[in-house]
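The sequence and structure are shown first.

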Amino acid sequence: DLMTMLLVLFIILGAMNSTKSGMKMQAPSAPTQTADEGAPVSDNATVKRSGQRKGEEEKLSRLLGSNSLGGVMDFKMTPGQIRMQMDSSLLFKPGQARIGDEARETLQSLANVLHQYTGKVEVAGHTDNIPMRSGRYRSNWELSSARASSVVETLISLVIPPARWHPTGYADTRPLVSNATAQGRAINRRVEFVVEMGPEFLRSR
């Protein structure tokens, strides 16, 4: 009858509501992430590179000091090379490119240091910007090139293989400071030794 049908309908509706109330919304699960994914880059490489640089700098400082070059040569290390330099006045008289006995002793000390490395070496002569007005050399180009060649010839005579050397003269084209003062010009008159150490030198390993 009608009452029975209504009762059955109420029972069905109640069961449906009960089922809905028991259901919960579930957020989509995040994709699985491995331990390495999304993790910040480790500082280990930077720390290792810094430690390597410090160790190499200390090694070179000891080498220079033990060969009486500690207060004579400056150096800088960069990835792939070591750059050392000394004042030209330690090796040459003004306007000259001849290596004297005292300068040869200085280069002998430098040879002792360079024997500890195996890479090729560029020897670069640098001058100030004052033009050559007299003497054997007509220009700073000639003077700087002659000085670089004299240094290389001397170092070869000190039993460092010729194949390692590359002499270059830069004249006044690569000053470290302004040539406007006598002090600045003295700083710019120098000989540089660029030792190639390979692309991995001072890089992360």
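Asn 179 counts as buried because its relative accessibility is 11%, where buried means under 20% relative accessible area, exposed over 50% and partly exposed in between (1.4 Å probe, protein chains only). The model is predicted: local features need pLDDT of at least 70, side-chain atom pairs count only at pLDDT 80 or more, and totals for chains, interfaces and linings use all residues. Residues are numbered from 1 along each chain as its sequence is written, and side-chain values use heavy atoms, with hydrogens and water left out.

Asn 179 lies in the loop between β4 (165-169) and α5 (182-188); helices (H or I, at least four residues) and strands (E, at least two) are DSSP runs, numbered from the N terminus. The side chain of Asn 179 makes a polar contact with the side chain of Asn 188 (2.9 Å). A polar contact is a pair of N or O atoms within 3.5 Å; within protein, one must be able to donate a hydrogen and the other to accept it, and residues adjacent in sequence count only if both atoms are side-chain atoms.

Ala 124 is located in strand β3. Ala 124 counts as buried, at 1% relative accessibility. Its C-alpha atom is separated by 7.7 Å from that of Ser 144, 20 residues apart along the chain.

The table lists contacts (heavy atoms within 4.5 Å).

| Residue | Residues touched, not counting those up to four places away in sequence |
|---|---|
| Asn 179 | Asp 128, Asn 129, Gly 184, Arg 185 and Asn 188 |
| Ala 124 | Thr 168, Tyr 170, Arg 190, Val 191 and Glu 192 |
| Leu 91 | Met 86, Arg 98, Ile 99, Ala 103, Thr 106, Leu 107, Val 151 and Val 191 |

A nonpolar core is a set of buried Ala, Val, Leu, Ile, Met, Phe, Trp, Tyr and Cys residues joined through side-chain atoms within 4.5 Å. The largest has 31 residues, of which Met 84, Leu 91, Leu 107, Val 123, Val 151, Leu 155 and Phe 193 touch the most other members. At least two residues of this core come from each of α2 (44-66), β2 (81-87), α3 (101-114), β3 (121-126), α4 (140-157) and β5 (190-196). The most is given by α3, with six residues.

The axes of α3 and α4 come within 10 Å and cross at roughly 65°; axes are lines fitted to C-alpha atoms, for helices over the stretch in contact, and angles run from 0 to 180 degrees between N-to-C directions. Therefore α3 is roughly perpendicular to α4, a class that covers 65 to 115 degrees. Arg 104, Leu 107, Ala 111 and Leu 114 of α3 make the contact with Val 151, Thr 154, Leu 155 and Ser 157 of α4.

Technical notes: Angles under 35 degrees count as roughly parallel, over 145 as roughly antiparallel, 65 to 115 as roughly perpendicular and the rest as oblique.
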